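Here is a short tour to read with the 3D view open beside you. Take it one topic at a time, and turn the view as you go.

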Amino acid sequence: MSSLLENLESVREKIAAAADRAGRNVSEIELVAVSKTHPAEVIREAVDAGQELFGENRVQEALAKIPMLPGKLRWHLIGHLQSNKIRKALPHFELIHGVDSLDLARDIDRIAAEEGVFPRILLEVNVSGEGSKHGFESAVLERHLEELLAMPRLQIEGFMTMAPLAPEAEASRPHFRSLRELRDRLAQRAGISFPTLSMGMSGDYAVGVEEGATLVRVGSAIFGSR
Ligand SMILES: *Cc1c(COP(=O)(O)O)cnc(C)c1O
């Protein structure tokens, strides 16, 4: 059994190697350690190993753990956000990865106005059109981009995707590449940059980095299986 420290080092090394292969600077890529289902004690071990950015997919679970951990940690909400959890989530997460519908975006925008905040978000895209039940289809996103960008409170920093489950990491490559190309196209059309691409999990984060990810969301390769 390898230790959490060894796992973290190995993931960081593989991110660096993938960045190198792609001719990218490793400082462009941040590792989101996905700590969902793991208790605060285990997260603290990762903190001791130098990790400060964590991803959780359930608001309730995260809000129970966050107060038990150092205040310097940064938290990303990576899973689907239910509208009735938005108000609770906003103060605790620096980035919301999974904004996957116009209705959810509208709700976040409205509640953010009431709370006086400007949440940073990523739009989740179902680039493959299969696998995930969440996420904008690319064509729908293209159609609604202007409306999304007009929501005054949302800081739309980029895009997130989950590739369909596959035994081979390489199977994710075309989906990750599609997301990057979609990002490039939308950025050009809107005349703004979308610097953040969240793509890659334990099975395919190296491919994500090769295809331009700036955030990789890695759980089991760090913490072991859930
Ligand atoms: C659980 C989860 C991850 C991490 O998955 P692993 O395969 O354990 O690395 C990444 N992204 C999302 C959205 C998740 O829900």
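In this predicted model, strand 8 covers residues 215-218, with Leu215 and Arg217 pointing one way and Val216 and Val218 the other way. Residues on both sides of strand 8 are buried.

**Strands side by side**

- One place to look is Leu31, whose bridge partner in strand 8 is Val216.
- Strand 1 (residues 30-34) also pairs with strand 2, again in the parallel sense, over 2 bridges.
- Here you can find Val34 standing opposite Gly55 of strand 2.
- Strand 2 (residues 53-56) is covered on both faces: Leu53 and Gly55 are buried on one side, and Phe54 and Glu56 are buried on the other.

- Ala33 sits in strand 1.
- Is Ala33 buried or exposed? Its relative accessible area is 0%, and a residue counts as buried when that value is under 20%, so Ala33 is buried.
- Leaving aside residues up to four places away in sequence, Ala33 touches Gln51, Leu53, Phe54, Gly55, Val218, Ile222 and Phe223.
- For a sense of scale, the C-alpha atoms of Ala33 and Ala190 are separated by 32 Å, and the two residues lie 157 residues apart along the chain.

**Helix 5 on its own**

- Helix 5 has 14 residues, which at 1.5 Å a residue should span 20 Å; its end C-alpha atoms are 20 Å apart, so the expectation and the model agree.
- The buried residues in helix 5 are Leu102, Leu104, Ala105, Ile108, Asp109, Ile111 and Ala112.
- Their cover includes helix 4 (86-89), strand 4 (95-99) and helix 6.
- Just after helix 5 comes Gly116, with a positive phi of about 70°.

**Helix 5 beside helix 6**

- Two packed helices are described by the angle and the distance between their axes.
- For helix 5 (residues 102-115) and helix 6 (residues 138-149), the axes come within 11 Å and cross at roughly 5°.
- The two helices are therefore roughly parallel to each other.
- Leu102, Ala105 and Arg106 of helix 5 make the contact with His144, Glu147 and Leu148 of helix 6.
- Sorted by class, this contact has 3 nonpolar, 1 polar and 2 charged residues.

Technical notes
Residues numbered from 1 in each chain as written. Predicted model: local features only at pLDDT ≥ 70, side-chain atom pairs only at ≥ 80, totals over all residues. Heavy atoms only, no water. Axes fitted to C-alpha atoms, helices over the stretch in contact; angles between N-to-C directions. Helix = DSSP H or I, 4+ residues; strand = E, 2+ residues; numbered from the N terminus. Parallel < 35°, antiparallel > 145°, perpendicular 65-115°, else oblique. Contact = heavy atoms within 4.5 Å. Nonpolar A, V, L, I, M, F, W, Y, C, P; charged D, E, K, R; others polar. Expected span 1.5 Å × (residues − 1). Buried < 20%, exposed > 50% of the residue type's maximum accessible area, 1.4 Å probe, protein only. Pairing = 2+ DSSP bridges.
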